[in-house]
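Here is a short briefing on one protein model. Please keep the structure open while reading.

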Amino acid sequence: MELEKIEATIEAVLFAMGDAVNVEKIAVAIGHDKETARKLVHQMMDRYNSRNGGMEIIELEDSFQLATRREYYEALIKVAKQPKKYALTDVQLEVLSIIAYKQPVTRQEVEKIRGVNSDHALNRLVEYGLVGEAGRLDAPGRPILFGTTEEFLRNFGVRSAQELAAIRPEVVEEL
């Protein structure tokens with residue numbers, strides 16, 4: 001396939017899927033390896049960013065998504081139904097922070113850190129799609145391990161949990 005057609009294929013896949021598409025699936029769609037697919041998508045990202053249009057390609061972990069630029073959100077809500085915006089409470093932000101920095105983590109570990117029951121806050125974060133099941137701990141009762149989701153990455157504007165701000169060592173000592 002010629003380069004222009006490969007890029008058009010990537011663009012069509014990202015547009016049609018709506019959500020983030022794993023680089024492996026993009027590679028299959030264009031008939032190339034993962035690294036070639038990643039390189040091509042990054043080239044497309046650069047081109048999208050240089051033209052200042054209404055769309056951009058964002059990277060979320062090992063996936064890519066075609067998205068509307070944030071500065072055009074106001075125009076979108078004039079046309080479409082305004083999506084629900086959730087206001088996170090201090091408790092929910094605290095639980096979300098613990099999960100984001102310690103993931104994967106069990107409910108019991110979150111409660112041990114906070115010193116209080118965190119069921120309601122954790123359930124709300126799951127309901128909002130910011131936190132999800134990341135597996136099961138190999139221990140009696142096989143408790144659920146929680147981690148952040150792509151929705152978390154999208155809402156907080158980071159590509160991966162590794163991009164979160166580092167915690168200052170003096171704060172860690174204090175805790």
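The points below cover the sheet, a helix pair and one glutamate.

This is a predicted model. An open sheet of three strands has the order S1-S3-S2, and its pairing is antiparallel. Elsewhere, helices H5 and H7 pack at an angle of about 75°.

- Strand S1 (21–22) and strand S2 (55–60) are the edge strands. Each of them pairs on one side only.
- S1 and strand S3 (residues 63–68) run antiparallel and are joined by two bridges.
- Asparagine 22 stands opposite serine 63 of S3.
- Helix H1 (residues 3–17) packs on this sheet and touches S1, S2 and S3. The direction of H1 makes about 70° with that of S3.

**The H5–H7 pair**

- Helix H5 (residues 90–102) packs with helix H7 (residues 119–127), and their axes lie 9 Å apart.
- The angle between them is about 75°. Angles of 65 to 115 degrees count as roughly perpendicular, so H5 is roughly perpendicular to H7.
- H5 makes the contact with Val91, Gln92, Val95, Leu96 and Ile99. H7 contributes Ala121, Leu122, Arg124 and Leu125.
- By class, this contact of H5 with H7 has seven nonpolar residues, one polar and one charged.

**Glutamate 94**

- Glutamate 94 is found in helix H5.
- Its relative accessible area is 37%, so glutamate 94 is partly exposed.
- Glutamate 94 and arginine 114 are 20 residues apart along the chain. Their C-alpha atoms are separated by 8.3 Å.

Conventions: Residues numbered from 1 in each chain as written. Predicted model: local features only at pLDDT ≥ 70, side-chain atom pairs only at ≥ 80, totals over all residues. Heavy atoms only, no water. Pairing = 2+ DSSP bridges. Helix = DSSP H or I, 4+ residues; strand = E, 2+ residues; numbered from the N terminus. Contact = heavy atoms within 4.5 Å. Axes fitted to C-alpha atoms, helices over the stretch in contact; angles between N-to-C directions. Parallel < 35°, antiparallel > 145°, perpendicular 65-115°, else oblique. Nonpolar A, V, L, I, M, F, W, Y, C, P; charged D, E, K, R; others polar. Buried < 20%, exposed > 50% of the residue type's maximum accessible area, 1.4 Å probe, protein only.
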